[in-house]
Each structure stands twice: as structure tokens, then as C-alpha cells.
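Take a look at the sequence and the model, and then read on.

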Amino acid sequence: MTKSSSRVVVVGNGMVSHRFCERLVEHDRAGRYRLVVCGEEPRPAYDRVHLTEYFAHGSADQLSLGSAAWYADHGIELRVGTRVASIDRGRREVATSGDQVIAYDALVLATGSAPFVPAIPGIDKPGAFVYRTIEDLDAILSWCQTARRAAVIGGGLLGLEAARAVLDAGLETHVFEVAPRLMPRQLDTVGAALLETSIRELGVHVHLGAQIAAIGGDGVVRRVELVGQAPIEVDIVIVSAGIRPRDELARAAGIAIGERGGVIVDDRMCTNDPDVFAIGEVALHAGTTYGLVAPGYEMAEVLAKRLSGHDAAFTGADQSAKLKLLGTEVASFGDPFRDAASTKAIAYEDQVRGVYQKLVLTRDGAQLVGGILVGDTSDYGRLLHLARSRQPMTGLPMFGAAGGACAELPDDAQVCSCNNVAAQTIRERIRTDSLATVAEVKLCTRAGSGCGGCIPIVTDLLQAELARCGRATKQLLCEHFAFTRQELFQIVAATRIRTFEELVRDHGSGLGCEVCKPTVASILASIHNEPILDEPHRPLQDSNDRFLANIQKDGTYSVVPRIPAGEVTPDQLITIGRVGKKYGLYTKITGGQRIDLFGARVEQLPEIWEELVAAGFESGHAYGKAVRTVKSCVGTNWCRFGVQDSTAFAIRIEHRYKGIRSPHKLKSAVSGCIRECAEAQSKDFGLIATESGWNVYVCGNGGSKPRHADLLTTGVDEDTAIRFLDRFLMFYIRTADRLMRTSVWLDKMDGGIEHLRDVIVRDSLGIGVELEQQMQGLVDTYACEWKGVLQDPAKRALFRPDPVARVHLPIVQRQFVRLASVSEVPRDGSIAVTYGDTQIAIFHVSARNEWYATQNSCPHTQAMVLARGIVGDAHGTPKVACPLHKKTFDLRSGDCLSADAPSIAVFPVRIEDGGIYVELPPVAEQRS
């Protein structure tokens, strides 16, 4: 292995193979080796850890770890779509399935693993898939187009990732796990039960201890048949029941294999053949195979160093991991299942917040052995370091409190296990290279560029180091404003600026973007409360606010009339039913005691609302970052336990705060007794009746990260409660960051609930009256937004059919075609026009008097929605933000500016005699 230009053949081109190539290029300064990499997939290595994200962006390039050009630039011969079929150890050659023979001086097996498919009758039917490669996901996506119900076999990490994917695709999702709990290798019974609860709350059906007898169906998947239970109807089955090392190539060549599979290697990653090595999931080291990427990266590093003449050894790795599964944070570190005879455990469980934390200590309590975290993993970095370093415990942790101690990690603490990056490395590079963003830290140190689980720790370290160096750490809104949201609020309040145009002219730069435009629109509404569809404000609104309805994945909208406190008359229910039936809308009871009607087209919205307003309904503001619902129980009206009239008070509260714009959505509830049927303690603000008055709770929320509300005050009357709520809401509106829920706002507030109580109840800042007056001003200027549209012909005309015109010209060659007149396009707005069987979006940027035309379809979902996106610029480049996924596209080139994602088609535009002419290809060419 010391002769000049020895050939190293790498079999497999996954994440670990790519890392080995990177590290050998780095360490082999003498140029001893020529690398040949054979991968059987049709593309270079990609990020399998984030494979589920492919369902969102649909771009293989976005997952790519290295392009073909990267391999070529580093002198690496990459052969994609090449399967190695056999190894001839005597001749030191491999043969491919295409009958090519490649000689080697050293052979590296990085063949990874294959999905384990249980021997279930019918598992090979069309409609049953494994979940491993991009091609697998393409097949699943295609099948999901016509599927309604999905079964995922396997309740481990990969199974829950697959469940998230099909759930996000809109399918009814069932998870089948043969073990009695989810994630049995990472979680104990209590932690798994908490995870199961949070997953069930998302609508996922979990079947534990499930014994599947067969996959039934005539020719294709139709049902999952269970032993001793009724069958469950499904249209697609995804198998994610574990992995097995792909050791068949080594086995056939006589290389030593473990009893349960895996290529046996020593600390140098060498097999029983001194010229053959194995790394990654196929390697069996000291009786253990590793299914995580971090140990594989460490193996790649060790082998690259050994081949380059450096001393290195792989001594094993723990399988600690921090994950986010279906919205729930989960972490397991060290050895949380070490035998009870040699350990003691400390556990904390909060079922309201959905938090479980368990630490396993040595018998004398001196050292941390391992642990499990569910719901709150903010202390993972510090605890992992304690377990790995075996440092003595200096005190018991503060269970249930937010973490945030990551900034104080010791220098030798490993922050990124994927790339073995220590806290000291990050701190030093921030100082010496003047790094200022997480993206820069990732680029310079590689921390966070693997699985991404350490990004919160990296962020904390960055902010702490910037503060230590005396550098500004405030979070500016975007490139167009060198201010935070709070500072912009104060600027608008002090100057009484009434339009975005004035604000960006006097205090910002550029055209604005999808971040600052809706933020400023919300600030203007919170201060002046002018109708959001008035001409200066309409172009600032997200698609939901622009059309006063929630956009759905197919480009249609949902309608949610306000039903204060859930109280509705029979006649109003009949009206909702009549409207749903007339327009063919899907109807569903919401969690906020309202009725949601799905599937309305843009042009149908005014007609629907005309009938609803006539029946006494108002806008429910389900589309806005605003006060939405105030739930209630029936209180003293009907309930024998009620001690206050919760329904009447909830109606009063909802009518007072309805429609008020805020940094994020606001939800409330009022319970008539301490039995808490309205769930007031899981809301942004809630009230619970007692014999002595109302207890007021604030800053709770449900959702993916539930938080129990904090008690603000007790035993107050209704008027006092309203006064405190006025202050609370206005203080939040004035001081919270963009898109910050009240729960996060309070968690980040210095002094926490005690400080908030001082400000609101004790008026420690002396601004109580001012806050009350500001709130009263918003209450006095309220107007139903939908009623305003129906009374204004110009606003009603904005809800025209999409697209607004049709072009039937038999275009046979590329030419300019008049698609619309200038007067049809709103200032700083857009329209869509049909061309053949597709649509063209036309955009107007008034500040520059520029016109642009693009395809109207979202490149990810194909929904015709781009014309409803916000127009702005990025460093001077005009762009549009897709209203569905918020990805932005260059209006000049069509390139995606948000990520390496699919581009959109763009077309030249010219204006003549008041007409908009767009250069279009023939319809046939456009289809292709």
C-alpha cells in the first residue's frame, strides 16, 4: 500500500462513502491513492438522513452531498448506476454487473444496509413499498396521488419518519409496531407512551403489539389483516421495520461475517483480508453494527487516516441521537437501559406539557450513565457531554425547566457528533473568522451539516460568543430593514407612518419581501386597524390574508365563520349546511368550536360569504395572525358544576378581541369551573371560574410543542380580567418577535412570569393605562373584513376567477401574445392567465415599473398559485414567494432562491398601447 498511485476501489456511494472520499482527499497530501467509487444508484451520494424532506421539495439536488463535478475535480472516478457483482480476492479485482473488471490495491466496502422486509403474505403486492432511496420515495409519491389511507410497518425511527411523510401528504395514517411500545431501542415505556400520545393527537393511528397476518387485496394492496383483530382498509403499505447490513458481496467472497450479519472489522476497519476494509452500516465492530451516520463518519475518518499513514483507531461509538419525530422532540444518550442493579434513575414527567426526562446514574449517584428526553431536549448537549466525559455530577438537574445551558458547554464538549466538532472549535472560529451566522459556522466548521440535530446548540454558542465579543446579536427582520420587529413597531407608532411604501423609503431599502411585507402589514393593522384589503395594504398580505381565507394544498380555500364561544343558532347551522351542500364543500368541526368548509375557489368566496353574512356570521379570522377563537363550556347555563357564566363571558371576550392582528395567532378559552372542560390552561390566554371570581392564565399553547399556561392572577371580576387581558395582549403585540407564540415570548422574557405579572397586574412600568387605551382603540375601529368586501365593488372584483382570461390562439411558433391589459393587474400585484392547458402568472413591480411573466404552477405541488404570491426582491433581484411553501423564485431567471430546488419557467414581457404582451412558446412546446 506504499507504492505510487495505489488504486482504492470503494463499493457503495452513500453518505459514509462520500465522507471517506472527502477525508482521504484531505489526508492524502502525497497523492498516494487514486479513488474509484462504484454506486448502484443513478446519482452521486445524497443526504439520506433528511430523506423525508424530499416529500416537501421534490429535489434530489437539494439532498446532494457532492456533484459529479466535485468527484472529477478531486481526481475521483465516480461510476454511478454501477453494481459490483463479485470480488476476486486472489486477483484483487471486482466485477460489475455490466461485466467490467476493476483492479484494486485496497477495497473499501461501504455498501450500507438494506430494508428488512418481514415475511408477510402479500407484502410483494403493488402498493407495498420500502423506504430507503429517492427512487422508493418517487414511487411512494406517485402511488399517494390516488391513495387515501396508508399503513406504515415499523414504529422505530424510520417508520415514524415515513409516517410523517404520508401524514403530510394528507393520508389517513396507521403505524403498526410488533413491540409493545414505539421506538423500543431508544425509549422506555413512559417515554414511548408520551410520544405515542403526541402522535395520536396529530391523527395518526398507532397499533402496538400488532401481529400482521397478511397484506390483503385483489392484485393490489387493499387492507392489513391482523391476527385476532378486524382488518384495516389501506391503499398503500410502507415497510420500515429496520435494516440489515448488505454483506452478501463480502460473504460470497469468503470475508468473515458476523453471526447476525455484518462484515467483521477491527479497530483499523480492516477485515480478515488485509486489503479489504468495511465502513458504515455494513461494518460489524466488536459485535456491534451502527445504524446512525455519526459512527459511520468516524469509521471513514479512521480509515482515511490509516491509509494516509496516520495513527487512528475506531474504538466504538455510542448511539446517542436527538430527533424530531412528527413534531415531538426525542433524545436518547449514553446507556439509558443499563441494568438496574448497577444504576439509579431520576425521572420527571409532565403530561400537560408533554415532557419526560429520565437520567440514569451510577449506583453512588456520582456519574451520569445515560438518559431519555421526550418533549424538551434543550439540555441534550450538556447532558450528553456529562455522560461521555464521565465527569462527576455536581448537582441534580432542574427538571422541567427550559434548558439553555448549551452556551456554557465546556470547550471539550462534542457539539456535532456527525463531524466530531467540539465547542472550542466553534468558539475559536467565530472569534478568528468573524463568523456572524449559523450558516457561516456550518460552512467553516461542518457543525450542523450532518443530521442537523445540533443546530440549536450551535445557535446558542454563536449568540453567546458574539455577545462575549461585544458584537451585535439582535435578530434583524430581513435585508430590507436593519431593525427588529419590536423596533419597527415603535417606529410606526411614533411616526404614525401608515403605509409600507413610506416605511421602506424612510427606514429601509429595496422592494421588501415575503418576510417584511406581512410583518409590516400586521404592525400597521395593530396600530391603525385600517382594512387590510385597502389598496396600500393588499399587496403586503400573504395569500391567506389577501383572500380572507386559508389556502389549501390544491390551491382552493377554506371558509371559517366566527361562532363566538361555540354558540350558534339552529338557523345558522342550517345556513352553513346549505352553503356546504350548494358549493360542494367538505365540512368539519374544528377544535375551536367552529365549522370549517373546505374546497372553495377564489371566485366563490364572496358568494359564500354573502349568504353567511346575511345569516349573521362574521369573519372568523382563521386565515390571519390574529385573535381566532374563545372556547367555552356551558357554565352555569346547563352544567350542574358551573360556578360562573362561562359562555356569556367567552362571548364578551371574543367580541372584544376579534380580528386584532398580532405577531402570531391567538387562541383563548373560558371554563365555568375547575373541571376545566374548555381547556383554558392550554391557550394563549384563558380564564377559569372559581367561587371567588376568575383565575387568569396566560402563554399556554397546544400543537406540536404544548405548554401549560402560567397563572397570572386569581379571583378577579370580569371587568378586572378584561383590563388585565387588554394590557397583556397589547404588551405582547408591542414586544414579541415576528411569528412568536405567546409561550415562546414568555420563555424568552427576562424574569419570566414574575416580570410579566409585575407589568400587567402591578403596572410596574407605568404603561397600564396606555396599553388599555391602545386596545380600546382597536376595539372601537373593528369592522368585519368580509362585510367590507361585500359592500365595496372594487374589493369584490379582486376575487375574480383565477385565471382571469383565456388564450385560444393556435400558436405554432414562439411569439408575443397579448394576455391582458395593464388596468387588469393591481398595482404591485399579479394575475393569472390560461394558455393552452396551463397558466401564466403576470407580475407588476410598480417601484421600478417592471413587468414579469412566469409559469403559474408551484413546481413542487403543481397547484396554480404563484400569481397569489408576495412580490419583493433579494439583494436587488426581483422575486416571488410561492404561497404554499414560501420558496422564492427569481422573476428574471426563474431560479429558486430559497434552496437548490426546481426552477420555474419565465417569459419576456413588453407593454404596448395599454396591453401586456408575453412571448410564449407553442402550446405543444410548452407542454414538453
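The model is predicted, so local features need pLDDT of at least 70 and side-chain atom pairs count only at pLDDT 80 or more, while totals for chains, interfaces and linings use all residues. Residues are numbered from 1 along each chain as its sequence is written, and side-chain values use heavy atoms, with hydrogens and water left out. Helices (H or I, at least four residues) and strands (E, at least two) are DSSP runs, numbered from the N terminus.

**Helix α7**

- Helix α7 covers residues 189-201, which makes 13 residues, and reaches 18 Å from its first C-alpha to its last. That is close to the 18 Å expected at 1.5 Å a residue, where the expected span is 1.5 Å times one less than the number of residues.
- Gly 191, Ala 192, Leu 194, Leu 195, Glu 196, Ser 198 and Ile 199 are the buried residues in α7. Here buried means under 20% relative accessible area, exposed means over 50%, and partly exposed is in between (1.4 Å probe, protein chains only).
- Contact means heavy atoms within 4.5 Å.

**Helix α1**

- Helix α1 takes in residues 15-27, and its end C-alpha atoms are 18 Å apart, which agrees with the 18 Å that its 13 residues should span at 1.5 Å a residue.
- Most of α1 is covered, with 10 of its 13 residues buried.
- Met 15, Val 16, Ser 17, His 18, Arg 19, Phe 20, Cys 21, Glu 22, Leu 24 and His 27 are those buried residues of α1.
- The cover over the buried residues of α1 includes the strands β1 (6-11), β2 (33-39) and β7 (106-109), along with the helices α4 (68-73) and α9 (293-307).

**Helix α21**

- Helix α21 (residues 646-657) has 12 residues and reaches 16 Å between its first and last C-alpha, close to the 16 Å expected at 1.5 Å a residue.
- This helix, α21, is mostly covered, as 9 of its 12 residues are buried.
- Among the buried residues of α21 are Phe 649, Ile 653, Arg 656 and Tyr 657.
- After α21 comes Gly 659, whose phi is positive, near 80°.

**Helices that pack together**

- Two packed helices are described by the angle between their axes and the distance between the axes. Axes are lines fitted to C-alpha atoms, for helices over the stretch in contact, and angles run from 0 to 180 degrees between N-to-C directions.
- How do α21 and α22 cross? Their axes come within 12 Å and cross at roughly 35°, and α21 passes α22 in a right-handed crossing. A crossing is left-handed if the near helix is turned anticlockwise from the far one by less than a right angle, and right-handed if clockwise.
- On the α21 side, the contact is made by Phe 649, Arg 652, Ile 653, Arg 656 and Tyr 657. Facing them in α22 are Glu 718, Asp 719, Ala 721, Ile 722, Leu 725, Asp 726 and Leu 729.
- The residues of the contact of α21 with α22 divide into 7 nonpolar, no polar and 5 charged. Ala, Val, Leu, Ile, Met, Phe, Trp, Tyr, Cys and Pro count as nonpolar, Asp, Glu, Lys and Arg as charged, and the others, Gly among them, as polar.
- Helix α22 (residues 718-735) also has a crossing with helix α24 (residues 752-760), where the axes come within 10 Å and cross at roughly 120°.
- The helices α22 and α24 are therefore oblique to each other; angles under 35 degrees count as roughly parallel, over 145 as roughly antiparallel, 65 to 115 as roughly perpendicular and the rest as oblique.
- In this pair, Phe 724, Arg 727, Phe 728 and Phe 731 of α22 meet Leu 756, Val 759 and Ile 760 of α24. By class, that contact has 6 nonpolar, no polar and 1 charged residues.

**Two loop residues**

- Pro 410 lies in the loop between α10 (380-389) and β26 (414-416), and is partly exposed, with a relative accessible area of 32%.
- Gln 604 is in the loop between β31 (595-600) and α19 (605-614), and counts as buried at 10% relative accessibility.
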